[in-house]
Amino acid sequence: MNYDDAPYADDCAEGFYYTLGNAGWKLSFNYGDALAWESDFEKSSVGGSDRYFVDDVDFAFFAGHGDSGKIGFSTNYDGDGNYEKQVHYSEVKWGDRDLEWMTLVTCDTLDPDYKDEWIAHACAGNHLHALLGFKTKIEPSDAKVLGTTFADYLLDGKGIKDAWKTATKEKCDLPWWKELICNCKTEAAIIYPRVYFGTRLVHNYAQETLP
Ligand SMILES: [Ca+2]
Ligand SMILES: [Ca+2]
Ligand SMILES: [Ca+2]
Ligand SMILES: [Ca+2]
(Lines give C-alpha, C1' and ligand atoms only; values in the text may rest on other atoms or scores of the structure.)
(Ligands and ions follow the chains in the order given, each with its own letter.)
Protein backbone atom coordinates (compact mmCIF):
# COMPACT_ATOMS: atom_id res chain seq x y z
CA MET A 1 0.00 0.00 0.00
CA ASN A 2 1.21 3.48 -0.77
CA TYR A 3 -0.75 6.10 1.14
CA ASP A 4 1.52 9.02 0.41
CA ASP A 5 -0.72 11.70 -1.15
CA ALA A 6 -3.22 9.03 -2.15
CA PRO A 7 -5.46 9.83 0.80
CA TYR A 8 -7.95 6.98 0.51
CA ALA A 9 -5.56 4.21 -0.44
CA ASP A 10 -5.31 3.06 3.17
CA ASP A 11 -9.10 2.88 3.58
CA CYS A 12 -9.27 0.94 0.33
CA ALA A 13 -6.60 -1.61 1.09
CA GLU A 14 -7.40 -2.00 4.78
CA GLY A 15 -11.11 -2.28 3.99
CA PHE A 16 -10.32 -5.23 1.80
CA TYR A 17 -7.80 -6.68 4.24
CA TYR A 18 -9.90 -6.57 7.38
CA THR A 19 -13.13 -7.59 5.68
CA LEU A 20 -11.50 -10.84 4.59
CA GLY A 21 -9.71 -11.09 7.93
CA ASN A 22 -12.98 -10.77 9.84
CA ALA A 23 -14.38 -13.53 7.66
CA GLY A 24 -11.65 -15.87 8.82
CA TRP A 25 -8.91 -15.38 6.23
CA LYS A 26 -5.37 -15.49 7.52
CA LEU A 27 -3.81 -12.01 7.30
CA SER A 28 -0.16 -11.98 6.31
CA PHE A 29 1.08 -8.42 5.93
CA ASN A 30 -0.15 -4.87 5.66
CA TYR A 31 2.47 -2.28 4.75
CA GLY A 32 1.85 1.36 3.93
CA ASP A 33 3.88 4.35 2.77
CA ALA A 34 7.63 3.91 3.24
CA LEU A 35 7.07 0.37 4.56
CA ALA A 36 5.64 -0.65 1.20
CA TRP A 37 8.64 -1.79 -0.81
CA GLU A 38 8.64 -2.37 -4.55
CA SER A 39 10.92 -5.36 -4.02
CA ASP A 40 8.06 -7.16 -2.22
CA PHE A 41 6.33 -7.35 -5.63
CA GLU A 42 9.34 -8.12 -7.84
CA LYS A 43 10.81 -11.41 -8.99
CA SER A 44 14.19 -12.63 -7.76
CA SER A 45 15.83 -12.41 -11.20
CA VAL A 46 15.63 -8.59 -10.96
CA GLY A 47 16.64 -8.55 -7.29
CA GLY A 48 13.14 -8.70 -5.84
CA SER A 49 11.74 -10.78 -2.99
CA ASP A 50 8.17 -11.51 -4.05
CA ARG A 51 8.64 -15.09 -2.87
CA TYR A 52 8.55 -13.86 0.74
CA PHE A 53 5.77 -11.31 0.25
CA VAL A 54 3.15 -11.00 -2.50
CA ASP A 55 3.94 -14.43 -3.91
CA ASP A 56 3.75 -16.00 -0.46
CA VAL A 57 0.01 -15.30 -0.12
CA ASP A 58 -3.09 -16.22 -2.14
CA PHE A 59 -4.47 -12.72 -2.54
CA ALA A 60 -2.48 -9.47 -2.72
CA PHE A 61 -4.01 -6.01 -2.87
CA PHE A 62 -2.26 -2.71 -3.58
CA ALA A 63 -3.78 0.78 -3.53
CA GLY A 64 -1.81 3.88 -4.44
CA HIS A 65 -0.23 5.50 -7.47
CA GLY A 66 0.03 4.06 -10.91
CA ASP A 67 0.69 4.79 -14.53
CA SER A 68 0.49 2.81 -17.75
CA GLY A 69 2.23 -0.53 -17.22
CA LYS A 70 3.40 0.15 -13.65
CA ILE A 71 2.66 1.10 -10.03
CA GLY A 72 4.56 3.73 -8.04
CA PHE A 73 6.34 3.85 -4.67
CA SER A 74 7.60 6.71 -2.52
CA THR A 75 10.96 5.16 -1.63
CA ASN A 76 13.54 3.29 -3.67
CA TYR A 77 13.89 -0.42 -2.92
CA ASP A 78 14.74 -1.55 -6.40
CA GLY A 79 17.01 -4.58 -6.60
CA ASP A 80 18.88 -3.93 -9.84
CA GLY A 81 18.77 -0.20 -10.58
CA ASN A 82 16.23 -0.49 -13.40
CA TYR A 83 12.77 1.00 -12.84
CA GLU A 84 13.45 2.50 -9.43
CA LYS A 85 10.51 3.50 -7.18
CA GLN A 86 8.13 1.54 -9.35
CA VAL A 87 7.03 -1.95 -10.14
CA HIS A 88 7.19 -2.17 -13.90
CA TYR A 89 5.43 -5.03 -15.70
CA SER A 90 8.80 -6.47 -16.74
CA GLU A 91 9.81 -6.88 -13.08
CA VAL A 92 7.06 -9.30 -12.10
CA LYS A 93 6.18 -12.94 -12.40
CA TRP A 94 3.35 -13.79 -10.08
CA GLY A 95 1.86 -17.05 -8.94
CA ASP A 96 4.89 -19.22 -9.65
CA ARG A 97 4.91 -19.60 -5.90
CA ASP A 98 1.60 -19.09 -4.02
CA LEU A 99 -0.24 -16.05 -5.37
CA GLU A 100 -3.54 -16.53 -7.21
CA TRP A 101 -4.99 -13.02 -7.34
CA MET A 102 -3.42 -9.56 -7.53
CA THR A 103 -5.47 -6.37 -7.30
CA LEU A 104 -3.98 -2.97 -8.14
CA VAL A 105 -6.17 0.02 -7.24
CA THR A 106 -4.15 2.54 -9.23
CA CYS A 107 -4.67 4.84 -12.20
CA ASP A 108 -3.95 3.59 -15.72
CA THR A 109 -1.84 0.56 -14.74
CA LEU A 110 -3.84 -1.87 -16.88
CA ASP A 111 -3.90 0.47 -19.87
CA PRO A 112 -4.99 -1.78 -22.78
CA ASP A 113 -1.78 -0.83 -24.65
CA TYR A 114 0.09 -2.86 -22.00
CA LYS A 115 -2.26 -5.82 -21.70
CA ASP A 116 -0.01 -8.18 -23.68
CA GLU A 117 3.00 -7.15 -21.62
CA TRP A 118 1.21 -7.86 -18.33
CA ILE A 119 0.14 -11.26 -19.63
CA ALA A 120 3.65 -12.05 -20.86
CA HIS A 121 5.31 -11.12 -17.56
CA ALA A 122 2.89 -11.21 -14.61
CA CYS A 123 1.09 -14.27 -15.98
CA ALA A 124 4.15 -16.03 -17.42
CA GLY A 125 3.68 -19.78 -17.09
CA ASN A 126 -0.07 -19.33 -16.47
CA HIS A 127 0.34 -19.41 -12.71
CA LEU A 128 -1.48 -16.24 -11.74
CA HIS A 129 -5.25 -16.60 -11.93
CA ALA A 130 -6.22 -12.95 -12.24
CA LEU A 131 -4.77 -9.46 -12.25
CA LEU A 132 -7.35 -6.78 -11.44
CA GLY A 133 -7.11 -3.04 -11.80
CA PHE A 134 -8.03 -0.10 -14.01
CA LYS A 135 -7.49 0.90 -17.62
CA THR A 136 -8.15 4.55 -16.83
CA LYS A 137 -7.94 7.21 -14.17
CA ILE A 138 -9.85 6.69 -10.97
CA GLU A 139 -11.12 9.28 -8.54
CA PRO A 140 -9.09 8.88 -5.31
CA SER A 141 -12.13 9.24 -3.04
CA ASP A 142 -13.89 6.43 -4.95
CA ALA A 143 -11.23 4.07 -3.68
CA LYS A 144 -12.33 4.65 -0.09
CA VAL A 145 -15.00 1.95 0.09
CA LEU A 146 -13.96 -0.03 -2.97
CA GLY A 147 -11.83 -2.54 -1.05
CA THR A 148 -14.60 -3.34 1.41
CA THR A 149 -17.24 -3.58 -1.31
CA PHE A 150 -15.09 -5.88 -3.44
CA ALA A 151 -14.34 -8.15 -0.46
CA ASP A 152 -18.03 -8.26 0.47
CA TYR A 153 -18.98 -9.42 -3.02
CA LEU A 154 -16.31 -12.09 -2.98
CA LEU A 155 -17.54 -13.30 0.40
CA ASP A 156 -21.08 -13.34 -1.01
CA GLY A 157 -19.84 -15.93 -3.48
CA LYS A 158 -19.55 -13.86 -6.62
CA GLY A 159 -16.87 -14.93 -9.10
CA ILE A 160 -13.72 -12.80 -9.20
CA LYS A 161 -14.60 -11.04 -12.45
CA ASP A 162 -18.20 -10.38 -11.47
CA ALA A 163 -17.19 -9.14 -8.00
CA TRP A 164 -14.63 -6.70 -9.43
CA LYS A 165 -16.92 -5.50 -12.19
CA THR A 166 -19.86 -4.96 -9.86
CA ALA A 167 -17.83 -3.24 -7.13
CA THR A 168 -16.05 -0.89 -9.54
CA LYS A 169 -19.23 -0.05 -11.45
CA GLU A 170 -20.97 0.76 -8.21
CA LYS A 171 -18.21 2.78 -6.54
CA CYS A 172 -16.10 4.35 -9.29
CA ASP A 173 -17.24 7.35 -11.22
CA LEU A 174 -15.01 10.24 -12.31
CA PRO A 175 -16.44 13.72 -11.82
CA TRP A 176 -17.78 15.10 -15.10
CA TRP A 177 -15.00 17.64 -15.54
CA LYS A 178 -12.32 14.96 -15.23
CA GLU A 179 -14.20 12.86 -17.77
CA LEU A 180 -14.03 15.83 -20.10
CA ILE A 181 -10.29 16.28 -19.58
CA CYS A 182 -9.37 12.64 -20.19
CA ASN A 183 -12.29 11.98 -22.55
CA CYS A 184 -12.90 8.78 -20.63
CA LYS A 185 -14.97 7.17 -17.93
CA THR A 186 -13.43 5.02 -15.21
CA GLU A 187 -13.01 1.57 -16.65
CA ALA A 188 -11.96 -1.43 -14.61
CA ALA A 189 -9.94 -4.26 -16.08
CA ILE A 190 -9.27 -7.88 -15.31
CA ILE A 191 -6.51 -9.85 -16.97
CA TYR A 192 -6.43 -13.62 -16.66
CA PRO A 193 -4.85 -16.43 -18.60
CA ARG A 194 -7.05 -18.83 -20.53
CA VAL A 195 -5.42 -22.17 -20.15
CA TYR A 196 -5.96 -24.70 -22.93
CA PHE A 197 -5.18 -28.38 -23.05
CA GLY A 198 -5.06 -29.05 -26.77
CA THR A 199 -8.14 -27.19 -27.99
CA ARG A 200 -10.05 -27.59 -24.74
CA LEU A 201 -10.33 -24.65 -22.36
CA VAL A 202 -9.34 -26.19 -19.03
CA HIS A 203 -9.38 -23.16 -16.77
CA ASN A 204 -11.74 -20.24 -16.92
CA TYR A 205 -10.38 -18.32 -13.99
CA ALA A 206 -12.80 -15.44 -14.48
CA GLN A 207 -15.57 -17.28 -12.68
CA GLU A 208 -13.44 -18.51 -9.84
CA THR A 209 -14.84 -17.87 -6.35
CA LEU A 210 -13.07 -17.67 -3.00
CA PRO A 211 -12.35 -21.15 -1.67
CA1 LIG B 1 14.40 -3.10 -11.09
CA1 LIG C 1 11.41 -1.57 -9.54
CA1 LIG D 1 6.85 -14.83 -8.35
CA1 LIG E 1 -2.12 -20.08 -3.43
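How do helix 1 and helix 3 lie relative to each other, roughly parallel or roughly perpendicular?

**Entry 1: the helix pair.** I am working from a predicted model, and I began with the axes of helix 1 and helix 3, which come within 6 Å and cross at roughly 20°. Angles under 35 degrees count as roughly parallel, and helix 1 and helix 3 are therefore roughly parallel to each other. I noted the hand of the crossing of helix 1 and helix 3 as well, and found that it is right-handed. Looking up the residues that meet, I listed A9, D11, C12, A13, G15, F16, T19 and L20 on the helix 1 side, facing A143, K144, V145, L146, G147, T148, F150, A151 and D152 on the helix 3 side.

**Entry 2: confidence.** The lowest confidence in the chain falls in strand 8 (residues 194-197), where the mean is 83, and the highest in strand 4 (residues 86-88), at 98.

**Entry 3: the core.** I then turned to the largest nonpolar core, which has 52 residues, and in which C12, M102 and A130 have the most contacts. At least two residues of this core come from each of helix 1 (9-22), strand 1 (59-63), strand 5 (101-105), strand 6 (130-134), helix 3 (143-155), helix 4 (160-171) and strand 7 (188-191). I recorded helix 1 as the element that gives the most to this core, with 6 residues.

Entry 4: Leaving aside neighbours within four places in sequence, I found C12 in contact with A63, V105, A143, K144, L146 and G147. I also looked up C12 and T149, which are 137 residues apart along the chain, and their C-alpha atoms are separated by 9.3 Å. For M102, with neighbours within four places in sequence again left aside, the contacts are V54, A60, W94, L128 and L131.

**Entry 5: D33.** Last, I went to the loop between helix 1 and strand 1, where D33 is found. D33 has 16 other C-beta atoms within 10 Å and is therefore partly exposed. I looked up its separation from S74 as well: D33 and S74 are 41 residues apart in sequence, and 6.9 Å apart in space from C-alpha to C-alpha.

How values were computed: Residues are numbered from 1 along each chain as its sequence is written. Chains are lettered from A and ligands numbered from 1 in the order in which they are written. This is a predicted model: local features need pLDDT of at least 70, side-chain atom pairs count only at pLDDT 80 or more; totals for chains, interfaces and linings use all residues. A nonpolar core is a set of buried Ala, Val, Leu, Ile, Met, Phe, Trp, Tyr and Cys residues joined through C-beta atoms within 7 Å. A residue is buried if 20 or more other C-beta atoms lie within 10 Å of its own, exposed if 12 or fewer, and partly exposed in between; C-beta atoms are placed from the backbone. Helices (H or I, at least four residues) and strands (E, at least two) are DSSP runs, numbered from the N terminus. Two residues are in contact if their C-beta atoms, placed from the backbone, lie within 7 Å. pLDDT is the predictor's confidence in each residue, from 0 to 100. Axes are lines fitted to C-alpha atoms, for helices over the stretch in contact, and angles run from 0 to 180 degrees between N-to-C directions. Angles under 35 degrees count as roughly parallel, over 145 as roughly antiparallel, 65 to 115 as roughly perpendicular and the rest as oblique. A crossing is left-handed if the near helix is turned anticlockwise from the far one by less than a right angle, and right-handed if clockwise.
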